[in-house]
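Subject: Model handover

Hello,

Please find the structure below, followed by notes on what was found in it.

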Amino acid sequence: MAGPRLRAFRSRAVVRVVSLFAAIGRRLPLRVNRAIGRFLGALAFTILRSDRRKAMANVAIAFPDWTSIQRRQTIRAMFAHLGMTLAEVMWLRNLDAEMLARTTVIEGADATLQLIRDGRGVIAFTGHCGNWEWVARTVALLGMKLSALQRERDEPEMNQFILDLRTNGGIKTIDRGSATSAREMIGALRKGEMLAFLLDQNIRADSVKVPFFGKPALTPIGPAKLAIRAEVPVVCIFIARGDDGKQYVRFTDIIETKRDDDPVALTARITAEIEEQIRRVPAQWVWMHDRWRERPKWDVTP
């Protein structure tokens, strides 16, 4: 097992390589970045056998009627998608208002924009569908003050790289493990800002089981509890890369919340929205995540 010094060295080395790629990537045309990313994704599909097997097993759970050929094609496309997503992130500092208009189609944002203009806080949910960093930057470019919750990584250099990228795009990052996270989240909502959560992974957090592709999956319930307690509207925002190379950002209908709403039902409803988006573009979700794994009982809400 690697010691602390070796892990720290690896972390610094990875960040330096990523920073170098980012410095080069943002100087290249987007189509060139994507071509490089697609190649790297194809290479990863060949090399990362364990991740490939796990992804194949998970897509079989979600789509039991698919043939093995369909599953393999989807996972191969997923690796290519993830490669392109990484390459797009390296380019992302170029995404300003003018570039957004050229590269991104936005659907259904008006109702959410009006809520923000009216000074109401909004909680937004999405998943690891498409390029989630692109969708965050899009929201910020539309004029919405955005705070995104994330778990701080063990590698401080990588944390700083992501923090700098998001700060450059006008996005505030809240560490969900910090002592001030609850105060920061409530403060953002009270100031009429948007608070964003990724809700499609099984993480160490207060969770409940809700249906996901017809099978119970542990899902964090804290965000739904917060929305109901604060009585703020909820929206899901998704992004998908189209065959034409454009990014398609879609805002769902607003969900109004009340104090007596059921947080489990709200969590299930949001999870159903995420499932629907994955069904639309199954190759643009992270299938190697162990979504249906069990956790110790103390880690789960009854």
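Strands S6 (residues 207-212) and S7 (residues 215-220) run antiparallel and are joined by six bridges. Strands here are DSSP E runs of at least two residues, helices are H or I runs of at least four, and both are numbered from the N terminus; two strands count as paired if DSSP finds at least two bridges between them. Proline 211 has proline 216 in S7 as its bridge partner. The two strands make a hairpin with two residues between them, and phenylalanine 213 in the turn has a positive phi of about 55 degrees.

This is a predicted model, in which local features need pLDDT of at least 70 and side-chain atom pairs count only at pLDDT 80 or more, while totals for chains, interfaces and linings use all residues. Residues are numbered from 1 along each chain as its sequence is written, and side-chain values use heavy atoms, with hydrogens and water left out.

There is also an open sheet of seven strands with mixed pairing, in the order S1-S9-S8-S2-S5-S3-S4. Its edge strands, each pairing on one side only, are S1 (104-107) and S4 (171-175). From one strand to the next the twist averages 25 degrees. Within the sheet, S3 (residues 146-150) and S5 (residues 194-198) run parallel and are joined by three bridges; leucine 146 is partnered with methionine 194 in S5.

The salt bridge count is 10 (a side-chain nitrogen of Lys or Arg within 4 Å of a carboxyl oxygen of Asp or Glu). One of them pairs arginine 166 with glutamate 133, with the closest N and O atoms 2.6 Å apart. This pair links distant parts of the chain, 33 residues apart: arginine 166 lies in helix H8 and glutamate 133 in helix H7 (residues 132-141).

Regards

Note on methods:
Axes are lines fitted to C-alpha atoms, for helices over the stretch in contact, and angles run from 0 to 180 degrees between N-to-C directions.
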